[in-house]
Amino acid sequence: MVHAPFLNGIRAFEAAARAGSFAAAATELHVSPAAISRLVKLLEDRMGVALFTRHANRLALTEAGRQYRDGLVPLLDGIARLTAQVAERGGRSVLTVGVGPTFAIRWLIPRLADWQRRHPTIEVRITTGGAAAPFAGGWTCGIRLGEGDWPGLVATPLFTADLVPVCRLDVAAGLATPAALAGRSLLRVSHAPEDWPRWLAAAGVEGVVAEGPVFDFYGQAQQAAADGLGIAMGIRPYVDDDLAAGRLVAPFALKVPKRGRWWLVHRPARAEEPGFQAFRAWLLDQAGA
């Protein structure tokens with residue numbers, strides 16, 4: 001007799017295997033880490049084999065766990081693809097895009113009205129993603145900053161991530177050269193402490209240390225710059241629209257490439273889906289790639 005698969009346990013295992021911890025899987029699935037741990041343990045008991053080796057601060061897949069994970073990925077991708085195909089028979093398809101909050105607010109969302117005009121039957125749903133978030137199984141695709149080498153994902157380059165200082169027009173007064181940044185309020189982003197030193201080194205400026213308020217996200221620092229709090233290190237494409245509208249100015253012409261670039265990422269099984277193909281073509285057109 002073939003027993004029905006333990007779907008909740010499978011879902012919990014796949015998320016934990018992909019994210020590397022019960023806590024990260026719990027965040028993705030909106031349950032507690034204890035619930036994820038319990039579901040995985042029940043799955044292991046039913047299978048009669050250990051899928052993880054538990055350590056104090058991390059999980060490690062056993063050989064059986066790696067085999068199970070590798071076999072599940074194409075099966076779950078197939079379920080997602082089948083679900084999308086059947087949903088399209090209702091006349092409307094849905095794309096789920098995992099993207100960082102600043103990228104979504106500063107670049108993607110302002111352009112979605114154009115997408116809706118061109119593709120009124122394909123709904124785009126934005127979910128929180130980015131470099132720090134694991135690629136969730138239910139996503140159609142994601143947008144990430146990096147080197148383009150994420151295992152199990154196909155990466156298509158969108159545009160470079162250039163660094164350029166930005167501020168309000170009145171704050172730019174007196175900034176004739178990069179050396180004039182000395183003593184100014186240089187706004188920083190907590191997860192990118194290397195941005196200011198990288199740009200200042202490329203500008204040939206010595207002895208200037210970035211000292212100013214620290215923000216969790218680029219978008220927060222960019223808004224603070226627009227409000228006159230100081231000079232932010234902008235990153236393309238976050239600052240493109242504000243520069244074009246005059247809300248911010250770039251007092252210096254120098255743009256310095258940040259490590260990595262922006263990529264559209266997806267699992268191979270999604271490549272032939274019509275909705276994804278349309279979104280990919282539109283995104284590349286918007287990016288000018």
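Here's a quick tour of one predicted model, from its annotated domain to its sheet and a surface patch. The sheet is an open one built from 8 strands, and one of its edge strands, strand 4, holds Ile126, part of a nonpolar surface patch.

**Annotated domain**
- An unreviewed UniProt entry puts the feature "domain: HTH lysR-type" at residues 7-62.
- That span is 64% helix and 11% strand, and its end C-alpha atoms sit 20 Å apart.

**Helix 3**
- Helix 3 covers residues 33-47, 15 residues in total.
- From first C-alpha to last, helix 3 reaches 21 Å, close to the 21 Å expected at 1.5 Å a residue.
- Its buried residues are Ala35, Ile36, Val40, Leu43 and Glu44.
- In an α-helix there are 3.6 residues a turn, so residues three or four places apart point the same way.
- Just after helix 3 comes Gly48, with a positive phi of about 75°.

- The strands run in the order 4-3-5-10-6-9-7-8, with mixed pairing.
- Strand 4 and strand 8 (214-215) are the edges, each pairing on one side only.
- Strand 7 (residues 186-189) pairs with strand 8 in the parallel sense, over 2 bridges.
- Arg188 has Val214 of strand 8 as its bridge partner.

**Nonpolar patch**
- Ile105, Ile109 and Ile126 make a nonpolar surface patch of about 260 Å².
- Ile126 sits in strand 4, which spans residues 122-128.

How values were computed:
Residues are numbered from 1 along each chain as its sequence is written. This is a predicted model: local features need pLDDT of at least 70, side-chain atom pairs count only at pLDDT 80 or more; totals for chains, interfaces and linings use all residues. Side-chain values use heavy atoms; hydrogens and water are left out. Patches are made of residues with over 30% relative accessible area and no salt bridge: like charges are joined within 9 Å, nonpolar side chains (Val, Leu, Ile, Met, Phe, Trp, Tyr) within 5 Å. Accessible areas come from the Shrake-Rupley method with a 1.4 Å probe; for residues, only the protein chains shown count as cover. A salt bridge is a side-chain nitrogen of Lys or Arg within 4 Å of a carboxyl oxygen of Asp or Glu. Helices (H or I, at least four residues) and strands (E, at least two) are DSSP runs, numbered from the N terminus. UniProt positions are given in the numbering used here, feature names are shortened, and annotations may be inferred rather than shown by experiment. The expected span of a helix is 1.5 Å times one less than its number of residues. Buried means under 20% relative accessible area, exposed over 50%, partly exposed in between (1.4 Å probe, protein chains only). Two strands pair if DSSP finds at least two bridges between them.
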